Amino acid sequence: MKRIVITGASSGLGMGIARSFAAKGWYVGVAARRPEPLEQLRNEFGDRIVTARIDITSADAPGQLNELIDRLGGMNIYVQAAGIGKQNLPLDPTIEHNTVMTNCVGFTAMVDTAFNYFTSLDRQIDNRLVVISSVAGTKGLGSAPSYSASKRFESTYMTALEQQARIRGINCKQLRLTDIRPGFIATDLLDNSTRYPMIMQPEYAIKLIVKAIERGRRVAYIDWRWGLLVRLWRLLPSWLWVRIKATTSQKQ
């Protein structure tokens with residue numbers, strides 16, 4: 001019996017991933033701060049869905065995640081889809097603080113809990129730990145400082161966990177770590193008043209994300225255009241990058 005747990009599943013990518021795996025016959029544990037939307041999944045897929053209200057920034061979030069895993073009967077894949085992000089040119093301190101608390105502090109608590117669960121298993125075969133980071137983490141974006149920095153944190157953290165797994169003697173066949181790096185996707189996370197380049201529809205992005213999870217990709221850019229763009233802008237020296245107005249434009 002295959003089991004997957006997804007945090008941040010009340011909307012957008014998290015809900016789409018949950019729906020895709022449930023449709024494939026998986027048992028799915030879903031968690032979010034807002035539990036009401038999760039009932040849509042339970043109405044669609046019945047007892048294959050187990051729900052939980054978890055605020056990943058709360059002190060008891062790790063314990064709640066472990067409870068969800070127990071109620072599901074274990075897990076083979078964990079997906080960290082919970083996250084927030086906003087453009088913040090005025091550097092509103094509340095936005096910066098909340099972004100760091102969710103994307104760094106909450107992220108660490110949840111990912112560590114999942115990692116420790118997988119590494120504690122007696123039989124470690126083809127388990128997977130997946131995070132949804134962002135292409136924004138590959139360069140500092142002046143329009144969203146805390147968001148791009150927190151996404152860099154997430155990607156670096158995954159690299160560190162991969163090394164720690166090897167230190168513990170756990171190879172990639174036992175535990176695969178996957179870092180999903182999407183570009184702009186038309187979800188509620190984006191500001192509707194703003195024009196975004198190379199924006200993707202959720203259905204298209206979710207299909208690619210699910211495929212990357214199933215294949216156990218270490219790093220997957222969503223989609224290929226963003227992967228190419230990242231390779232190009234990594235070639236830019238810092239003095240040139242900071243002179244580029246890497247922001248989106250307002251709709252007229």
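How many salt bridges does the structure hold? Some notes from going through this predicted model:

1. The structure holds 10 salt bridges. One of them pairs Glu39 with Arg42, whose closest N and O atoms sit 2.7 Å apart. These two are three residues apart in helix α2 (residues 38-45), so about one helical turn separates them. Glu39 is partly exposed at 30% relative accessibility, and Arg42 is partly exposed at 31%.

2. Have a look at Lys151 and Glu154, which meet in a salt bridge at 3.1 Å, N to O. Both lie in helix α5 (residues 145-167), again three residues apart, about one turn of the helix. Here, though, Lys151 is buried, with 4% relative accessible area, and Glu154 is buried too, at 1%.

3. Asp223 and Arg225 also bridge through their side chains, at 3.2 Å from N to O. Asp223 is buried at 2% relative accessible area, whereas Arg225 is partly exposed at 26%. Elsewhere, salt bridges with shared partners tie Asp126, Arg128 and Arg176 into one network.

4. The largest nonpolar core has 42 residues, and Phe21, Val28 and Val79 have the most contacts inside it. Beyond its neighbours within four places in sequence, Val79 is in contact with residues including Ile4, Ile6, Ile17, Val130, Ile132 and Ile213. Another core, apart from that one, has 29 residues, among them Met110, Phe115, Val131 and Leu175.

5. There's a nonpolar patch on the surface as well: Tyr204, Trp224, Leu228, Leu232 and Leu235, with about 590 Å² of accessible area together. Helix α7 (residues 224-233) gives the most to it, three residues. Tyr204 is found in helix α6 (residues 202-215) and is partly exposed, at 36% relative accessible area.

Technical notes:
Residues are numbered from 1 along each chain as its sequence is written. This is a predicted model: local features need pLDDT of at least 70, side-chain atom pairs count only at pLDDT 80 or more; totals for chains, interfaces and linings use all residues. Side-chain values use heavy atoms; hydrogens and water are left out. A nonpolar core is a set of buried Ala, Val, Leu, Ile, Met, Phe, Trp, Tyr and Cys residues joined through side-chain atoms within 4.5 Å. Buried means under 20% relative accessible area, exposed over 50%, partly exposed in between (1.4 Å probe, protein chains only). Contact means heavy atoms within 4.5 Å. Patches are made of residues with over 30% relative accessible area and no salt bridge: like charges are joined within 9 Å, nonpolar side chains (Val, Leu, Ile, Met, Phe, Trp, Tyr) within 5 Å. Accessible areas come from the Shrake-Rupley method with a 1.4 Å probe; for residues, only the protein chains shown count as cover. A salt bridge is a side-chain nitrogen of Lys or Arg within 4 Å of a carboxyl oxygen of Asp or Glu. Helices (H or I, at least four residues) and strands (E, at least two) are DSSP runs, numbered from the N terminus.
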